[in-house]
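Me: I have a structure to read and I want to learn which features to look at. Please take me through them one by one.

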Amino acid sequence: MDLRGRAVLGVNRLRVLLMLFHTMARIMAEQEVENLSGLSTNPEKDIFVVRENGTTCLMAEFAAKFIVPYDVWASNYVDLITEQADISLTRGAEVKGRCGHNESELQVFWVDRAYALKMLFVKESHNTSKGPEATWRLSKVQFVYDSSEKTHFKDAVSAGKHTANSHHLSALVTPAGKSYECQAQQTISLASSDPQKTVTMILSAVHIQPFDIISDFVFSEEHKCPVDEREQLEETLPLILGLILGLVIVVTLVIYHLHHKMTANQVQIPRDRSQYKHMG
C-alpha cells in the first residue's frame, strides 16, 4: 500500500473513532424528563424535572395560563369580532428538555400536542463594580396553539396552528447558583403569527432552577421576586410596628413605676407653714 492509501485509511479510521466518540458522548449524557405534577398540592401547578446522567439538572414548578385572542364571524357574517380563549397548562402534559452549561430548555405539550410551550434559559456573566457576576434568566418563550381545537376555540376564522413568540425577553433574572421563586402573577406578552394578535402568558406560583442544581430533586437557595418581597414586607411591617409600640408602652410604664416609687420615699414638705413646728 502506497503512502496515499495509508493516509486515506488513517483518515477513515479517525472518522470512525470520532463517530464512536460522539455516540458514546450522547449515551453518557443521556437525559430523561419527568412530570411530577401529581405531587403538587396545587391542582393548577405543574412540576417538571430534567435529569442528566441520573442527576437533576433542571427543575420547574409553575402554573401557566394563556389568554389568546382570535377572530370569529359576527352574526351578519360580514364583520369580524374578537373572542378570547383561556388556555391553562394541564396536568399529564408531555415534557421534554435539555441541559447545558450556559443554555437550558424546557418544552411542554398538552391536549394531543394542540398546544406547546418552549422556555429557553441562558446563563451569562457580567462585569460589575464588585467584579464579575453571573446570572441566569428566561430569554425566550414560544407558545404554539391550534385554533381548530374545539375545547377552547369556537368557530375561529382561519383556524389552524399559530406561533406566538416573546421579543427581547429578559425575565426571572436570578443570581447563578440560586433558584427563582415568585408566588405573585407575572405576565409575558407574545406576538402571534395570527395577524395583529398578542397572546398573554400568565405565570404564578413559580419556582424554577435551570442551572447549578447541587442536590437531586432539591432547589438551591431561593431568590424571591420583588413583588413577593414587597408583599412580605407589607405583611410583617404591621407586626414590627406593633412590637415597637408595645415596647414603648412597657418602657413608659416601667419609668412611671420607678418615678412613683422614688417620689413616694421622699419626705413631703407641708405647704401649710404652721405644720413646720411639728417637723423635726
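Reply: Start with disulfides. A disulfide is a pair of cysteine sulfur atoms within 2.5 Å. This is a predicted model, where local features need pLDDT of at least 70, side-chain atom pairs count only at pLDDT 80 or more, and totals for chains, interfaces and linings use all residues. Residues are numbered from 1 along each chain as its sequence is written, and side-chain values use heavy atoms, with hydrogens and water left out.

Me: How many disulfides does the structure hold?

Reply: In general, a disulfide is a covalent bond between the sulfur atoms of two cysteines. Here there are two. Counted along the chain, the bonded cysteines follow the pattern 1-2, 3-4.

Me: What is the handedness of the link between C182 and C225?

Reply: Right-handed, with 75 degrees left for the other pair to show. For C182 and C225 the angle about the S-S bond is 70 degrees. Their S to S distance is 2.1 Å.

Me: Where do C182 and C225 lie?

Reply: Strand and helix labels come first. Helices (H or I, at least four residues) and strands (E, at least two) are DSSP runs, numbered from the N terminus. C182 lies in strand β11 (residues 179-182), and C225 in the loop between β14 (222-224) and α2 (226-264), so the pair ties together parts that are 43 residues apart in sequence.

Me: Are C182 and C225 buried or exposed?

Reply: Buried means under 20% relative accessible area, exposed over 50%, and partly exposed in between (1.4 Å probe, protein chains only). Both C182 and C225 are buried.

Me: And what about C57 and C99?

Reply: A disulfide joins them, S to S 2.0 Å. The link is right-handed, with 75 degrees about the S-S bond. C57 is in strand β3 and C99 in the loop between β5 and β6, 42 residues apart. C57 and C99 are both buried.

Me: Now strand pairing. Which strands does β6 join?

Reply: Two strands pair if DSSP finds at least two bridges between them. Strand β5 (residues 94-98) runs antiparallel to β6, joined by five bridges. Eight bridges join β6 to strand β7 (residues 115-128), again antiparallel. Take one partner from each side. E94 is bridged to F109 in β6. W110 is bridged to Y115 in β7.

Me: What lies between the paired strands?

Reply: β5 and β6 form a hairpin with four residues between them. The hairpin of β6 and β7 also has four residues between its strands, and V111 there takes a positive phi near 55 degrees.

Me: How many residues of β6 are buried?

Reply: In a regular strand the side chains alternate between the two faces of the sheet. In β6 (residues 103-110), six of the eight residues are buried, and the strand is mostly covered.

Me: Next, the nonpolar core. Which residues touch the most other members?

Reply: A nonpolar core is a set of buried Ala, Val, Leu, Ile, Met, Phe, Trp, Tyr and Cys residues joined through side-chain atoms within 4.5 Å. The largest one here has 48 residues, and F62, F66, W110 and F143 touch the most other members. β3 gives the most to this core, with nine residues. A second, separate core has six residues, including I47, V49, M59 and I213.

Me: How many salt bridges does the structure hold?

Reply: A salt bridge is a side-chain nitrogen of Lys or Arg within 4 Å of a carboxyl oxygen of Asp or Glu. The structure holds eleven. One of them joins D71 and K197, 3.0 Å from N to O. D71 is in strand β3 and K197 in the loop between β12 (186-192) and β13 (198-209), 126 residues apart.

Me: Why do D71 and K197 count as buried?

Reply: D71 counts as buried because its relative accessibility is 17%. K197 is buried because its relative accessible area is 11%.

Me: Which residue forms a salt bridge with E94?

Reply: R113, with the closest N and O atoms 2.7 Å apart. R113 is in the loop between β6 and β7, and E94 in strand β5, 19 residues apart. R113 counts as partly exposed at 36% relative accessibility, and E94 at 35%.
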